[in-house]
Amino acid sequence: MRWISPGALARRGMLNMNRRNVDYIARYNDRSAYPLVDNKLKTKLIAAEYDVATPELRQVVSQQHEISHFREMIPNLDGFAIKPAKGSGGKGILVITGREDDQFVKASGAKVSLPHLERHLSNVLAGLYSLGGSPDVAIVEDLIQCRTSLTDFSFQGVPDIRIIVFRGYPVMAMLRLATKASDGKANLHQGAIGVGIDIATGQSLNAVQFNRPVKTHPDTGHALDKIHIEEWHTMLVMASRCYEATGLGYMGADLVLDQKTGPTLLELNARPGLAIQMANGKGLLPRLHYIEGLKRTHLTPEARVEYAMSVFSHAGNLSTPAKRDVRPGAYASA
């Protein structure tokens with residue numbers, strides 16, 4: 001293993017955890033806004049107000065006696081996902097991709113019964129998967145049908161795109177691909193692959209698994225250097241709109257490309273991790289400083305995205321940003 005000194009990391013502009021917590025999360029994220037992103041149900045409701053698409057909500061189970069309503073709804077559902085509203089790290093999310101007679105087929109191919117699903121709902125309500133173990137509610141959503149252009153790059157799980165949004169500007173992005181090691185989930189600490197994405201083009205850059213560079217997916221064998229994210233501009237605008245929706249200055253927006261509905265927001269994170277820097281081969285600090293140095297910020301999500309695409313190109317030079325889309329009236333005082 002090759003070690004890099006703290007000084008070398010600093011020269012590359014790597015944001016460390018302490019600095020992220022103090023200089024960005026604590027400084028730019030008002031704690032009163034945390035419930036909007038720590039609760040997936042509240043996130044869905046506020047996102048809808050700002051024209052940000054989320055998976056179709058089928059049912060909310062908030063009391064034990066309401067689990068019987070889930071049983072009544074089952075005949076109308078083939079594929080669906082059960083999520084704890086206050087869960088984190090993918091814990092407690094149960095994805096059903098189909099049915100065989102009285103059995104429900106999970107994403108892994110394993111089969112479970114209806115009583116198993118009802119016990120899972122009961123565990124969610126009891127807070128088994130929630131932050132701090134507090135009582136929770138269960139969300140039943142439509143299943144995401146991933147765009148075929150990305151399905152070959154992931155093992156079982158749906159690939160998602162994390163975009164770091166700072167003061168409303170998308171500053172860095174990463175595609176997360178599930179692997180056999182990650183049990184079909186897109187969590188990097190469990191073994192998923194992180195692929196850096198060029199903000200300017202939506203094109204893949206570097207890829208890492210367990211913090212080490214990889215060229216091909218270990219399970220599918222597909223090369224990771226030719227991936228292009230469709231509807232990239234739309235995804236960036238959706239992520240940028242979440243700034244107005246939540247008021248959070250520093251956050252991560254997790255989106256997917258649905259086959260039918262296109263870009264769809266899965267969830268927001270007020271404390272996004274730092275592995276995105278490894279996937280991109282660049283540190284976050286220069287881009288964060290660049291936005292902090294703006295004398296005037298752009299008014300609209302569209303204007304912020306155009307500006308970010310012009311200055312955060314992977315091949316570009318931050319000291320000499322290109323000037324584009326500087327329309328009269330497109331700025332507001334910072």
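Is Cys146 buried or exposed? Cys146 is buried, at a relative accessible area of 11%. Buried here means under 20% relative accessible area, with a 1.4 Å probe and protein chains only; exposed means over 50%, and partly exposed lies in between.

A word on the source. This is a predicted model, where local features need pLDDT of at least 70, side-chain atom pairs count only at pLDDT 80 or more, and totals for chains, interfaces and linings use all residues. Residues are numbered from 1 along each chain as its sequence is written, and side-chain values use heavy atoms, with hydrogens and water left out.

Back to the cysteines. The structure has zero disulfides, a disulfide being a pair of cysteine sulfur atoms within 2.5 Å. For Cys146, the nearest cysteine sulfur belongs to Cys242, 19 Å away. Cys242 is in no disulfide either. Cys242 also counts as buried, at 1% relative accessibility.

Now the whole protein. We have 11 helices and 15 strands. These are DSSP runs, numbered from the N terminus: helices are H or I, at least four residues, and strands are E, at least two. The radius of gyration, over C-alpha atoms, is 20 Å. The globule rule, 2.2 Å times the number of residues to the power 0.38, gives 20 Å for 334 residues, so the protein is as compact as a globular protein of that length. Along the principal axes, the C-alpha atoms fill a box of roughly 60 × 45 × 35 Å.

Burial next. Of the 334 residues, 51% count as buried.

Last, contacts, meaning heavy atoms within 4.5 Å. Among those with a separation of 6 or more, 63% come from residues 24 or more positions apart.
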